[in-house]
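Here is a short briefing for a first look at this structure. It covers confidence first, then the strands and sheets.

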Amino acid sequence: MTTALAVTAALAALQPSAGADARTSLRLDGFFDLAVDEAHGHVYVSQDRGSSELVVLDLKGEPVGVIAGMGGARGLVLSEDATRLYVGLSDDHAIAEIDTSTLEVVAEHPLPSWTTGSQTMPSCPQDLVRVGRLVVFGDYCPNKFSAIRIFDPATADVPVTHPGSGSGRLVFSAAHGILVALIGGYDISSFDVEADPVAIVDRGDTSVLNQTTDLAVIPGTDRLVVESGLVLDMRDLSVVGAYDGSPVNAPTQPEPETVVAREDGVVAFGLHRYSPAGDVRVYSTTTHLMRDHAFVSTDDPIFQDEELSFRRRSLEFGEEVLYGIEFADRGSEARFWAIRPREDTVLRVTTRKKRYARGERVTVDVRAAGPLQSRRGIAWIERWDRNDQVSGRVPYRLDRSGHAVVRFALRVKSTIHVTLNDGGDLVVSAKIIGFRR
């Protein structure tokens, strides 16, 4: 096995809060997918059509080698027990099966052509997702029809399950048995993969997607999130919310490119920064607020005149670490890095009484838990009788135990807001409604 990576040292600074585990520059022929196998210490990178090599890195982005004979490697997915890696070979019209302990190709499963109407379609696997022991994949060759198909590693059986939906991004919710396909940036559809053949469940509102490129299932919930920050209901694909401060709510921010979600509900967005610096924003699913911002700049001369950006599928969560590859707009240079997003900072506010007389002093207890980048914050009153007029801004500072006391004179029914500037553009907030007698 030979190594086909040109690797140099990357000089990177990670600010303000995430811990940098690795920063490594590398050269790729292309990119389609990223798969992380922490059990065996490997990261796999497929290089798309026209390439015959699958790149293997360690968890710090250093080259382990390449696996040859991977014609047009695209979608990647690990088996349920992580002993096998399945690789969709769009140029070779097959699915390769790799032993993750030895990195040997133990089998290459040819994919049969399929027929729609009078036309016979060759098989070109795209996105791969695991559904139990089965591998579901989108099948699409350029300028041909597409389909969703299911590959059974035990029997190598590959039926055509649903024509017309296999050219885009696929995600699967194990909790609901629903597969969601994003096609062409506008068409989003859900499928029941337990039906025979696979049956379409619903279609989303194409008017709100607006060239969506990526989506992720939030594990343990009935929610999807797309890279713009919109949250969709898994059952009917309706929009049910958005992440506060995410690109959909802040159009002047860098453009979103990709999104991933972790088992504990943490969501990360990768963006196009228009500068030689990567930009990843990590959010809490519980609060929908940003909990970490990894702004990765570099002094590496390779990237000084480049715009760096993430691409669809170029972020992947391990158990605790977030792995990513960002790409220069010109040339084949890329940069691998891994960060460990910090834990949530939680802000709680309480008042010592439920009701207050007009003009009485309101005592608000502010308590913060978790990592603190700053102990300074602001509290204010939003008065209900004057069109939500904001008044009475009071700065405060947390003590070493994360506690502060803020006092107001409450004249009318109001909402009390408390925020903590938790480093850079991270803001933790809470509010409590106060009532006068």
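This is a predicted model, and its chain averages a pLDDT of 77. The pLDDT is the predictor's confidence in each residue, from 0 to 100. Of the residues, 75% score at least 70.

**Confidence**
- Residues 248–252 have a pLDDT below 50. Beyond near neighbours in sequence, this stretch has eight contacts in the model, a contact being heavy atoms within 4.5 Å.
- Residues 297–304 also have a pLDDT below 50. Beyond near neighbours in sequence, that stretch has 29 contacts in the model.
- Where pLDDT is low, the predicted coordinates should not be read in detail.

**How the model is read**
- Residues are numbered from 1 along each chain as its sequence is written, and side-chain values use heavy atoms, with hydrogens and water left out.
- In this predicted model, local features need pLDDT of at least 70 and side-chain atom pairs count only at pLDDT 80 or more, while totals for chains, interfaces and linings use all residues.
- Strands (E, at least two residues) are DSSP runs, numbered from the N terminus. Two strands pair if DSSP finds at least two bridges between them.

**Sheet E8-E9-E10-E11**
- Four strands form this open sheet in the order E8-E9-E10-E11, with antiparallel pairing.
- Strand E8 (73–78) and strand E11 (105–110) each have a single partner strand, so one side of each is left without a neighbour in the sheet.
- Neighbouring strands here are turned by 20 degrees against each other on average, direction ignored. Axes are lines fitted to C-alpha atoms, and angles run from 0 to 180 degrees between N-to-C directions.
- E8 runs antiparallel to strand E9 (residues 84–89), joined by four bridges. Ala73 has Leu89 in E9 as its bridge partner.

- Five of the five residues of strand E4 (residues 33–37) are buried, so E4 is largely enclosed by the rest of the structure. Buried means under 20% relative accessible area, with a 1.4 Å probe and protein chains only.
- Asp33, Ala35 and Asp37 are buried on one side of E4, and Leu34 and Val36 on the other.
- Five bridges link E4 to the antiparallel strand E5 (residues 42–46). Val36 stands opposite Val43 in E5.
- The hairpin of E4 and E5 has four residues between the strands. Gly41 in this hairpin takes a positive phi near 75 degrees.

**Sheet E18-E19-E20-E21**
- Four strands form this open antiparallel sheet, in the order E18-E19-E20-E21.
- Strand E18 (169–173) and strand E21 (199–203) are the edge strands, each pairing on one side only.
- Neighbouring strands of this sheet are turned by 25 degrees against each other on average, direction ignored.
- Five bridges pair E18 with strand E19 (residues 178–183) in the antiparallel sense. The bridge partner of Arg169 in E19 is Leu182.

Methods: Buried < 20%, exposed > 50% of the residue type's maximum accessible area, 1.4 Å probe, protein only.
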